[in-house]
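Please keep the sequence and the model in view while reading.

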Amino acid sequence: MSTISVVARIRPAIRNEPTGLTGFQVDANRIRLREAQGKNFSSQVKEEYVFDRVFGQQASEQDVYKGTALPLVQNFVKGYNVCLVSLGESGSGKSYTVDGGKGKGGLIPAMIQGVFALLADTRGLDGAYATPPKVKCQYTELYNEVLSDLLNPHNREVMVGEDKHHGFSVANASTREVQSAKACLELFYEGRAARSTAVTDLGPVAERSSGIFTLELEQTEDFAEGSTIVSRMTVIDMAGAEKLADDPTSLRMREGPTMSRSIIAFGHACKALASPKEVDEVNYGESKLTMLMHEAFGGNCLTTVITCLKPQVSAPMPVILRVTHQLLRVTNFPAICTSRVRSLIRR
């Protein structure tokens, strides 16, 4: 068993924002929200949340990578399913954290390079592979409950299906086998460039869409038994989480039944999974996103959640902190994904 790792990251001030933090303070791994007094804030603590770690404004990308993504990369190569989720309100730096914005930084490129470096090192150390490892890449976007194939924008057949290895997964999307970090990075940048930049009456699509980047690693280690390990690494850049603070009924009336369904369903799933009372069933089927997260939250996976925050308190921040803090109570059941383990899980 393993609990989900939940960290917070506070982005630096940008443009004309004041330096430092406004309306909250950080003490080691604690975030304390202060009482509002008109337009200012008192020293009185209103709410406090303890995370596994809090990355302040001075934390570098390398600090965040070593503290969150590197352990996932290492376990992925060992044969575990791993998932990294970046969430926060729009403008909190959640997308920049994972994909580097328009630059070459971000956790996903670093994770790709880390995976291939470890595979090369492992081969060189013990030559344990019966056949060379196979790495496959997939990149999709979910907007308004419609999945798009970022590696083949003309593909209109993308859906959520169920396969014998991983349960629910993206079906019919392009899956490319890659032989090197360079080839994988090229696919990632191709997919990132294909993410929608359109602006609708409800705002930019980028604020309402989730990006789902997946690597699948197949390793055959034993000549005699033909034991095959198939592990999956998933990185999810979630839609803006500010909608967690809205009433779901009024939100559906304003935006329609599907626009914010994924973020609402995520909130419902977090609450059910973290409930101290025994829950008969978590409704992962409420949204395509929660269906794709079913292993990451409560299943066979090692999961890390990065809660991205602005340096100023906003109306949605307390709700976002409350929801992500709940995830610290969720237990997963990770196991190395051998042929036998996969067959037992799917029974």
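How many helices and strands are there in the protein? The protein has 10 helices and 18 strands, where helices (H or I, at least four residues) and strands (E, at least two) are DSSP runs numbered from the N terminus. The model is a predicted one, in which local features need pLDDT of at least 70 and side-chain atom pairs count only at pLDDT 80 or more, while totals for chains, interfaces and linings use all residues. Residues are numbered from 1 along each chain as its sequence is written, and side-chain values use heavy atoms, with hydrogens and water left out.

- Of the 347 residues in the protein, 50% are buried; buried means under 20% relative accessible area, exposed means over 50%, and partly exposed lies in between (1.4 Å probe, protein chains only).
- The protein exposes about 16,200 Å², and carbon and sulfur atoms supply 50% of that area; accessible areas come from the Shrake-Rupley method with a 1.4 Å probe, and for residues only the protein chains shown count as cover.
- Among contacts with a separation of 6 or more, 70% are between residues 24 or more positions apart; contact means heavy atoms within 4.5 Å.

**Nonpolar cores**

- In soluble globular proteins, nonpolar side chains tend to be buried together.
- The largest nonpolar core has 45 residues, of which Ile31, Val85, Met238, Phe266 and Phe297 touch the most other members; such a core is a set of buried Ala, Val, Leu, Ile, Met, Phe, Trp, Tyr and Cys residues joined through side-chain atoms within 4.5 Å.
- At least two residues of this core come from each of strand S2 (5-10), strand S4 (30-37), strand S7 (82-87), helix H7 (261-274), helix H8 (288-292), strand S17 (302-309) and helix H9 (317-326).
- Another core lies apart from this one and has 40 residues, among them Tyr139, Leu150, Leu215 and Leu302.
- Helix H9 is mostly covered, with eight of its 10 residues buried: Met317, Pro318, Val319, Ile320, Leu321, Val323, Thr324 and Gln326.

- Beyond its neighbours within four places in sequence, Ile31 is in contact with Ala8, Phe24, Gln25, Val26, Glu47, Glu48, Tyr49, Phe51, Val54, Leu309 and Leu321.
- Arginine 32 is placed in strand S4 and counts as buried because its relative accessible area is 16%.
- With neighbours within four places in sequence left aside, the contacts of arginine 32 are Gly23, Phe24, Gln25, Asp27, Val45, Glu47 and Glu48.
- A distance of 9.4 Å separates the C-alpha atoms of arginine 32 and glutamine 44, which are 12 residues apart along the chain.

**Largest pocket**

- The largest pocket holds about 890 Å³ of space; a volume is the space filled by probe spheres set on grid points, which are joined across faces, edges and corners.
- A pocket is defined on a 1 Å grid over the protein atoms alone, as an open set of points where a 1.4 Å probe fits, with protein on both sides within 12 Å along at least five of seven lines; lining residues have an atom within 4 Å of a point.
- The lining has 32 residues, and Ser95, Tyr96, Asp99, Gly101 and Ala206 lie nearest the centre of the pocket.
- Helix H2 (94-99), helix H4 (181-194) and helix H5 (205-208) each supply at least two lining residues, and H2 gives the most, with five.
- By type, the lining divides into nine nonpolar, 11 polar and 12 charged residues; Ala, Val, Leu, Ile, Met, Phe, Trp, Tyr, Cys and Pro count as nonpolar, Asp, Glu, Lys and Arg as charged, and the others, Gly among them, as polar.

**Loop residues**

- Asparagine 144, in the loop between strand S8 (131-143) and strand S9 (146-149), is not a glycine but has a positive phi, near 55°.
- Asparagine 172, in the loop between strand S11 (167-171) and strand S12 (176-178), has a positive phi of about 75° although it is not a glycine.
- Alanine 296 lies in the loop between H8 and S17 and is buried, with a relative accessible area of 5%.
- Leaving aside neighbours within four places in sequence, alanine 296 is in contact with Ile4, Cys83, Cys301, Thr303 and Asn332.
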